[in-house]
Amino acid sequence: MSNTPSRWPQALDQSKSQIDLFESSKERKAYENLADLYTIITATEHLERAYAQDAITQSEYTSECNKLISQFKIAEKAALGTNNMTTETFMNLYQMDCPRAADRLLIMGVPEPLKTSHDNGNVAVTVAETAMDAVKLDQRAVDELQPLLSDLMNALIQLPDTPNDFGPNYKVKKWLEKLNAMRAVDMIDDDDGRQLYHDLDTAYSEFSRYLKSK
């Protein structure tokens, strides 16, 4: 028999083992969780760029941004909750060039504001009372508190004719930045909980006076 190599393609040797990225269903799930977090960060970056270029409407932007912010905290907890990696470390590790997403998800925690002409005072009051009740009931987890403060910030920034240095906005934004810098599984301590309640109570009183003056 001739040893001349065949001109025809040879079938793959199915007996050779394949290289897997994971060795168990647990590892597979971990990779999927990391992929979900990567996708949400990337999607947020694209959304922010589209909004900056007037490629989508304000209502479309706000709806999608709120959805991504909510999904981000869930994905962050699932992907990074079992290790000491932060989202910043994750983005650096995978060389993610997403500055707008980082600002929106890790610092602001709310969509780009647009002050509306209608009165959102009742919404702000209700959301503030809900947040204060949560803190009073000793809720301390970041993934419990951050959505409440995000909702409150959304309500406050839509109040018309508020000054740029409106105290309640500053107080809530300061706490949002603090919580957004933490992992979803982290907890604030009792001292922070007491300070948070005090700041919320002060903000509540201030914007209540503002509403009565209108």
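Predicted model: local features only at pLDDT ≥ 70, side-chain atom pairs only at ≥ 80, totals over all residues.
# A pocket and the helices of the model

By class, the lining of the second largest pocket comprises six nonpolar, three polar and two charged residues.

The space in the second largest pocket amounts to about 220 Å³. Its lining is formed by K26, K29, A30, N33, L34, A78, A79, T82, N83, M85 and Y94. Two helices, α1 (25-52) and α2 (58-80), each contribute at least two residues to this lining. Of the contributors, α1 gives the most, with five residues.

A102 lies in helix α4, which spans residues 99-108. Leaving aside residues up to four places away in sequence, A102 touches M91 and I107. A further point of reference is T87: A102 and T87 stand 15 residues apart in sequence, and their C-alpha atoms are 8.9 Å apart in space.

The remaining part of the account concerns helix α8 and two of its partners. Helix α5 (residues 121-136) packs with α8 at an angle of about 160°, and the two axes are 10 Å apart. Because angles over 145 degrees count as roughly antiparallel, α5 is roughly antiparallel to α8. The crossing in which α5 passes α8 is left-handed. On the α5 side, the residues that take part are G121, A124, V125, A128, E129, A131, M132, V135 and K136; on the α8 side, they meet G193, L196, Y197, L200, D201, Y204, F207 and L211. The residues of this contact of α5 with α8 divide into twelve nonpolar, two polar and three charged.

Helix α6 also meets α8. The axes of α6 (residues 142-157) and α8 (residues 190-212) come within 13 Å and cross at roughly 20°. Since angles under 35 degrees count as roughly parallel, α6 is roughly parallel to α8. Here, too, α6 passes α8 in a left-handed crossing. The contact brings L145, L149, L152 and L156 in α6 to L196, L200 and F207 in α8. By class, the contact of α6 with α8 consists of seven nonpolar residues, with no polar and no charged ones.

Taken together, the two contacts set out the surroundings of α8. L196, L200 and F207 in α8 meet residues of α5, and L196, L200 and F207 also meet the leucines of α6 named above. Thus α8 runs roughly antiparallel to α5 and roughly parallel to α6.

Note on methods. Residues numbered from 1 in each chain as written. Heavy atoms only, no water. Axes fitted to C-alpha atoms, helices over the stretch in contact; angles between N-to-C directions. Helix = DSSP H or I, 4+ residues; strand = E, 2+ residues; numbered from the N terminus. Parallel < 35°, antiparallel > 145°, perpendicular 65-115°, else oblique. Left-handed = near helix turned anticlockwise from the far one by under 90°. Contact = heavy atoms within 4.5 Å. Nonpolar A, V, L, I, M, F, W, Y, C, P; charged D, E, K, R; others polar. 1 Å grid on protein atoms, 1.4 Å probe; cavity = no way out; pocket = protein on both sides within 12 Å on 5 of 7 lines; lining within 4 Å. Points joined across faces, edges and corners; volume = space filled by probe spheres on them.
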